[in-house]
Amino acid sequence: MPDPSYKEMQPDETDAQLIAKAKAGDQAAFGRLVTQYYQRVFHLAMTIVRNETDALDLAQEVFVKAWLNLAKFEGKSAFFTWLYRITHNLGIDHLRKHNRYAMVDFDEIIPSEESDAPVESQLVVQAKQTESLEKEELRNRIDEAMAKLSPEHRTVLVLREFDELDYQEIAKIMECSTGTVMSRIYYARKHLKKLLKGVVS
Amino acid sequence: MNKEILKTAAYVDQQTGSVDHKFIKRVSENDPELASEIKIQEDMSKLLRSSGKRHQTDATPEFFWSQVQKQIAGEEARKRNRFSKESILRVLGLYWAPAFAILLVVCSVMLLPEFNHSQRYAKVLDARTSLDKVSVTPIQSKKSGVTVIWIEGLDYLPANPDILKDAS
């Protein structure tokens, strides 16, 4: 039976207050944090694993792991940064388990125009048609292109463009240097641009 | 790869230091390639922010939390189970260790005398006879306080008591 007791808590409680209560064993306080962040965690999970069922399972696993390891959270970073780090690690583990993970090197190679041809041919749309694309269709095209990026590139773009995190926060989540973050964002946008050639002018 | 080109992402995201930012801005004014890279980075950023899909689950907060709660309960039960098993082993260990030590002591007390059995007899090495063909081996039992003198090579009995005079 679901426990709706988190609803009875003060709505203006900060993360720090809720975390302190949760650390003391207050599961309802933790429930508030879960309901506050589960969509964001799901979005990142979905970005990495690209499967709704897996992403939902993964998001739940993130919060279970967070609860079990709450004592280790020292509050040095934002709570969602910590959650995102767990999500990223579990997501990459999930892909590895299913042999769907390919790490991106720092000095990766942007595929040439020729090698992109089959992908692009699916996406190329006349400029005129582009103008008439419904916003939802455009979203779907962008999402399809995103799906073709590596998990690391997808993640870095989502953390930057959707969550508007700075490079240092992204580096903490992805456990890499800010230089690597910069490189990944650069290459990810370049890849995306190639994949969306013809879709957007 | 031109280092400045790689930095265009950070430039667009305003994640460079002020020195780098001014430098890239200045160079890009006269470098079409760099300017083009900046444009790509800006365009893709804007596109994702304006038209990127934010995936959302249909699961309601209540449902999602209830699922998480169930999993937490399961994990905690597993953890408790594991802990209690470990505790039992630890307790058993605590009891078995002294019991084993006592057993070891008992065995030592019982078996050591057997191991020392040979040490209860002292062989007298210096014993000799005046006759070459007669040998003597005196053995003293410390336990019973008896000394046995083993003589070989006698032609007849009783032995000449003088033979034993030299035995120490």
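**Exercise 1. Determine how many salt bridges there are between chain B and chain A, and what area the two chains bury.**

Step 1. Between chain B and chain A the count is five salt bridges, a salt bridge being a side-chain nitrogen of Lys or Arg within 4 Å of a carboxyl oxygen of Asp or Glu. The model is a predicted one, in which local features need pLDDT of at least 70 and side-chain atom pairs count only at pLDDT 80 or more, whereas totals for chains, interfaces and linings use all residues. Side-chain values use heavy atoms, with hydrogens and water left out, residues are numbered from 1 along each chain as its sequence is written, and chains are lettered from A and ligands numbered from 1 in the order in which they are written.

Step 2. R49(B) forms a salt bridge with E164(A), with 3.6 Å between the closest N and O atoms.

Step 3. Chain B and chain A bury about 4700 Å² between them, 62% of it on carbon and sulfur atoms; this is the accessible area (1.4 Å probe) that two parts lose on being put together, summed over both.

**Exercise 2. Identify the salt bridge that D143(A) forms and where its partner lies.**

Step 1. D143(A) forms a salt bridge with R50(A), their closest N and O atoms being 3.0 Å apart.

Step 2. This pair links distant parts of the chain, 93 residues apart, with D143(A) in helix 7 of chain A and R50(A) in the loop between helix 2 and helix 3 (52–68) of chain A; helices are DSSP runs (H or I, at least four residues) numbered from the N terminus.

**Exercise 3. Explain why the largest cavity lies between two domains.**

Step 1. Among the residues that line the largest cavity are R50(A), D143(A), L48(B) and H55(B), where lining residues have an atom within 4 Å of a point on a 1 Å grid over the protein atoms alone, a cavity being a set of such points where a 1.4 Å probe fits but cannot get out.

Step 2. Helix 7 of chain A gives the most to this lining, with three residues.

Step 3. Domain 1 (4–97) and domain 2 (122–195) of chain A, with bounds from an automatic or database domain assignment, both give residues to the lining, so the largest cavity lies between them.

Technical notes. On a 1 Å grid over the protein atoms alone, a cavity is a set of points where a 1.4 Å probe fits but cannot get out, and a pocket is an open set with protein on both sides within 12 Å along at least five of seven lines; lining residues have an atom within 4 Å of a point. Helices (H or I, at least four residues) and strands (E, at least two) are DSSP runs, numbered from the N terminus.
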